[in-house]
Amino acid sequence: MNLKKLLSTFLWVLILVISVPCLAYEGLTVKIGYAQGLELYHQSSILKETLEYLQKKIPNYRFELLPISSVDTQEDIKKEKIDFLIAPSNFFVELSGGIPFTHLASRIFDGTKDPAKTVGSTFVVRAERNDIQSIKDLRGKNCAASLPDSLGGWLAALGEIKEHGFDPDNFFKTKNFTQFQVPDVLNSVLSGSSDVGILSTCILEEAEALGMIEKGSLRVINKKTDDLSPIHCARSTQLYSDMSFVSLQGVPEPLVREVTVALLSMPVFDHSRWSVENDQYSIRKLLRELRLGPYSYLRDNSLTGLAKRYKTEIIAFVGILLFLIFNEFNLRRLVNKRTRQLSDALKAKEEADREAAEERKKFATLEKKRNYCPVGHDYCARGQAANRNSDELLTDFQDVFG
């Protein structure tokens, strides 16, 4: 009986411990950060509608939107204790490895052939600019864009310029970053302050639909003819993943699950919706080709930069070089050892040959004396008799020394 009570108490304590993180969030404010570089129309169509839908589907929490700097991102996230973050996909590629996060959903345009790729850039010029017909004609012109870290408003355009064989860093004469595409970039081109403007996919069509600019007043350069563009918007570049919604480290799993389910069940808004589709590879490839973000070290041609860039190759080369040096010293050590052994053997042989030659010389002298005896000398006879007794010893010695 006592054992059952003990087990029951243990189970209740375990359940309480597990549920504490969830209870801690219950009724509290859930902070959703968003990149300050988002366009005004994005803030109204994505942020506002997403926030309202989450509040409706998960009424136990109070959801709050907070702007996050694209410069001091990590500091802002820690300072504000952000739970979720909405930002362009390239934003998370640049921060990968710095901020632990889990991808929950990406914004896609409904009805496209490749939902994971929906945002690109559009080069626009005034319709009467007959001197500009291709990307080549844009070289050396004045350009207006939103922000230097905007995927559709700048980076995708640079990728297309590089694809055409030009240096994107020195392509335009001047670069005017206006922060917002609508109306700043549009006005800059229409007023003649800039020769070309760079817009994210569908910005031009939305501006014309809202009556912000006269339809046909701007012309698209390098217009793609395929039907991959979202809702058939004009584009000048290839497409990449759009906005992503991620959860940051520390958010309880039940809350993450509820938010994910709500996002994926959210109705279509502005011809778009939240989906699990995502393509980070193409964005990583783009940033690497442009040598930006996590690949900015490719621009560093100092010894430190080159060492970082070719770290693997340098380590492999040094390893092979050390192996060859070690192998060379080892071979020389073995050769020297064998040489000493051979030299010692030759010296020993020479010494043995010398001793043998001296012994043969002594016995030859002895043999000569034994055979020489003048007539009538008795000591010779006695010597010859004694020498005969040593014949056997002499024979054995000659067998040994040849």
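Select strand S3 (residues 84-88) and strand S10 (residues 243-248) in this predicted model: the two pair in the antiparallel sense over 5 bridges. Strands are DSSP runs of E of at least two residues, helices are runs of H or I of at least four, and both are numbered from the N terminus; two strands pair if DSSP finds at least two bridges between them. Within this pair, Ala87 has Ser244 of S10 as its bridge partner.

Next, select helix H3 (residues 73-80), which packs on the sheet and touches strand S1 (29-35), S2, S3 and S10. Contact means heavy atoms within 4.5 Å. The direction of H3 makes about 150° with that of S2; axes are lines fitted to C-alpha atoms, for helices over the stretch in contact, and angles run from 0 to 180 degrees between N-to-C directions.

Now display the whole open sheet, in which 6 strands with mixed pairing follow the order S2-S1-S3-S10-S4-S11. Its edge strands are S2 (62-68) and S11 (272-275).

Move to the largest nonpolar core, of 29 residues, where Phe123, Leu138, Trp154, Phe172 and Ile198 are those with the most contacts inside it. Such a core is a set of buried (under 20% relative accessible area, 1.4 Å probe, protein chains only) Ala, Val, Leu, Ile, Met, Phe, Trp, Tyr and Cys residues joined through side-chain atoms within 4.5 Å. Helix H5 gives the largest share, 7 residues.

Residues are numbered from 1 along each chain as its sequence is written. Local features need pLDDT of at least 70, side-chain atom pairs count only at pLDDT 80 or more, totals for chains, interfaces and linings use all residues, and side-chain values use heavy atoms, with hydrogens and water left out.

Terms used: Buried means under 20% relative accessible area, exposed over 50%, partly exposed in between (1.4 Å probe, protein chains only).
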